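Subject: Structure handover

Hello,

Here is the structure we spoke about. Please load it before reading on.

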Amino acid sequence: MDIHDGNSGSLVGSGNQFVASKVNTGFQSGGQGSLVLVNDAPNLDVTELTIEAWIRFNTINGHNMPYVWKGDSGGTNLTTPYGIGINGPFGVSVSPNGVVSGTPGPGKVVVTLSDSVVDHVILSNTTLVVATFYHVALTVDGSKVRIYISGSLDTEIGQIVTLFNSNFPLQVGSLISALGPNFFPGPIDELTMYNRALSAAEIQSIFNAGSAGKCQ
Ligand SMILES: [Ca+2]
Ligand SMILES: [Ca+2]
């Protein structure tokens, strides 16, 4: 897993594999508790961000299918400043003060943001389908939250929480907890995080690079 600033990830759990993917190979979780773990570091404590990656889920397998999560091992919303995944068949749940924007449904992109007091869950307008590669980008700029799918703006909503400093590790592909299912069933490729919101033009250009990859 390439992380430009040198936060190295370690493989946790069994069945981790690197599979043929969008740009050469990508990481694929072997199941619940099989992930890339990146320790907490100051450069992961951001107030603005972009998370972008090529993803493909091979099935709809559970409550949620997180592919990036910065919170506790069990997936408690108020422990994570940011998380992104694909919604499963059982909708979403938030804490008593939480806010849900959009309509849950299997195959929706689901974003979780929190300031540790309020959780804001945002769902994409578009429903993604199994066995298909999508480029998905989340941007948070301090006032708006946007989800781009395959280079085009899909969702834009007012930001209601300021991302807080979490001490939990970044979990890629699955939550650490053995309870589940809460893992992403397919390849995650070219995953990149930025400490600013990329522009629509920058995201379009990454999407257009396609299987050539943005780093080549
Ligand atoms: Ca790759
Ligand atoms: Ca931290």
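Predicted model: local features only at pLDDT ≥ 70, side-chain atom pairs only at ≥ 80, totals over all residues.

Residues are numbered from 1 along each chain as its sequence is written, while chains are lettered from A and ligands numbered from 1 in the order in which they are written.

The sheet

Helices (H or I, at least four residues) and strands (E, at least two) are DSSP runs, numbered from the N terminus. Two strands pair if DSSP finds at least two bridges between them.

Eight strands form an open sheet with mixed pairing. Their order is β1-β4-β14-β6-β7-β9-β10-β8. The edges are β1 (9-12) and β8 (99-101). Each has a single partner strand, so one side of each is left without a neighbour in the sheet. From one strand to the next, the twist averages 25 degrees. (Axes are lines fitted to C-alpha atoms, for helices over the stretch in contact; angles run from 0 to 180 degrees between N-to-C directions.)

Walking across from β1, these pairings are antiparallel:

- β1 pairs with β4 (residues 35-38) over four bridges; the partner of G9 in β4 is V38.
- β4 and β14 are joined by three bridges, and L37 stands opposite Q171 in β14.
- β14 (residues 170-172) pairs with β6 (residues 64-69) over two bridges; V68 has V172 as its bridge partner in β14.
- β6 and β7 share five bridges, and W69 is partnered by G83 in β7.
- β7 (residues 82-87) pairs with β9 (residues 108-114) over five bridges; I84 is partnered by V111 in β9.

The core

A residue is buried if 20 or more other C-beta atoms lie within 10 Å of its own, exposed if 12 or fewer, and partly exposed in between; C-beta atoms are placed from the backbone. On that count, six of the six residues of β7 are buried.

A nonpolar core is a set of buried Ala, Val, Leu, Ile, Met, Phe, Trp, Tyr and Cys residues joined through C-beta atoms within 7 Å. The largest one has 50 residues. V109, V111, V172 and I188 have the most contacts inside it. β5 gives the most to this core, with five residues.

Two residues are in contact if their C-beta atoms, placed from the backbone, lie within 7 Å. What does V109 contact, leaving aside neighbours within four places in sequence? The list is I84, I86, L123, S124, L128, V136 and I147.

The helix

In α1 (residues 200-209), the buried residues are I203, I206 and F207. They cover an arc of only 100 degrees around the axis, which puts them on the same side of α1. (The arc is that of the directions from the helix axis to the C-beta atoms.) They pack against β5 (49-55), β11 and β12 (144-149). Exposed A201 and N208 sit on the face turned away from the buried side. Just after α1, G210 takes a positive phi of about 50 degrees.

Loops to check

Most residues other than glycine have a negative phi. Two non-glycine residues with positive phi are listed here.

- N24: phi is near 55 degrees. N24 lies in the loop between β2 (17-20) and β3 (25-28). N24 counts as exposed, with 12 C-beta neighbours inside 10 Å.
- A131: phi is about 65 degrees. A131 lies in the loop between β10 (119-127) and β11 (134-140). A131 counts as exposed, with 9 C-beta neighbours inside 10 Å.

Best regards
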